[in-house]
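Please read it beside the sequence and the coordinates.

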Amino acid sequence: MPRPIVATVHLAALASNLTIVRRHAPQSRVWSVVKANGYGHGLSAAWQGLQQTDGFALLDLNEAVVLREKGWRGPILLLEGFFQPADLAEIDRYRLTSVVHSDWQIDALRRMTPRAPLDIYLKLNSGMNRLGFSDRALPGAWQALSELKQVATLTLMTHFAYADMPEGVEAQMAVVARAGDGLTGPRCLANSAATLWHPETHGQWVRPGIILYGASPSGDWQDIAASGLRPVMTLESELIAVQSVPAGGRIGYGGRHRPSETQRVGVVACGYADGYPRHAPTGTPVWVDGVRTRTLGAVSMDMLMVDLQPCPQARIGAKVKLWGDHVKIDEVAAAAGTLGYELMSALAPRVTVQLR
């Protein structure tokens, strides 16, 4: 028998979240970001739940090929572009759209002979200082690409570093305005946070990622609680043992939790080897047998402990929800000092994933 831990991906929630994105950016087309194996939900799940999107955006050329082989004929955007000139043959074969962020990529395009011109996204470094041309270098790169017979459409792109913070997008939008002055063509600027909260960034395309999967760009669920966005993944397991720990007893590795009175403790078949955060402290919320309670002590590789005092009816075999509708992934991530992004993408291959 397999271990009882299972992740359920709700396809209807994916489709619903896409609809909400369209309500926020009604004049824009949507790149649904499915990088990192659909943020840990599985590329097949993303493909099935997001088929009403206008395009898919990802990093891995192999995953782009998978989408084509599944039957997707719409646009596919490679968010980091190509990593070596040899990749251009596959980009041409599968008719992919590539980001260009460096001079060497322009040179590689100049030397290739595609079957038909390729759509290109030119990346502006507007302040994140990760990928892209500076505002001074961008007009020259735009001109160089515009002159290539290998290039079909040319779109201006950037990425916001602070769209989920009080600083917002004003400073970076000023760089976009300065660098893009006089450049005609579509723009693709907005990530998840900008799509939700900064409508002035909505160009011809938006690029939602984390919000499609029902988590907050800021890491705080309350920031999206009124949006209608729904969690897409539910991680569930069961109680596999129940212990009665006396007052002063020590629970788990390092004995990090000592109850002040006799405490009923449940053992759950889930640990950090399944993708649950190892650093989640005592008090991390969890849902046991229909009741919200908390974790106790250190998370082990294959197990974690939970407080059964609020749910005295819980017995071995009782259902446990680690995250989902009742306990948001953002809450678990915040308790562990990380973001929902990491927990989603860290789901271990050994966890059974079912689509519903």
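Two strands are said to pair if DSSP finds at least two bridges between them, and helices (H or I, at least four residues) and strands (E, at least two) are themselves DSSP runs, numbered from the N terminus. The model is a predicted one, in which local features need pLDDT of at least 70 and side-chain atom pairs count only at pLDDT 80 or more, whereas totals for chains, interfaces and linings use all residues. Residues are numbered from 1 along each chain as its sequence is written, and side-chain values use heavy atoms, with hydrogens and water left out.

**Strand 1 and its partners**

Strand 1 (residues 6-9) is joined to two other strands, as the table sets out.

**Helix 1**

Helix 1 (residues 11-24) has 14 residues and reaches 21 Å from its first C-alpha to its last, close to the 20 Å expected at 1.5 Å a residue; the expected span is 1.5 Å times one less than the number of residues. Its buried residues are Leu11, Ala13, Leu14, Asn17, Leu18, Ile20 and Val21, and what covers them includes strand 1, strand 2 (29-33), helix 3 (43-49) and strand 16.

**Nonpolar cores**

A nonpolar core is a set of buried Ala, Val, Leu, Ile, Met, Phe, Trp, Tyr and Cys residues joined through side-chain atoms within 4.5 Å. Of the 114 residues in the largest such core, Leu109 and Leu145 touch the most other members, and helix 1 gives the most to this core, with six residues. A second, separate core of six residues includes Val245, Val267, Leu296 and Met305.

**Cysteine 188**

Which strand holds cysteine 188? Cysteine 188 is found in strand 8 (residues 187-190) and is buried, with a relative accessible area of 0%. Leaving out residues up to four places away in sequence, cysteine 188 touches Trp31, Tyr121, Thr155, Leu156, Met157, Thr158, Trp205 and Arg207, contact meaning heavy atoms within 4.5 Å. The C-alpha atoms of cysteine 188 and histidine 202, which lie 14 residues apart along the chain, are separated by 7.5 Å.

Technical notes
Buried means under 20% relative accessible area, exposed over 50%, partly exposed in between (1.4 Å probe, protein chains only).
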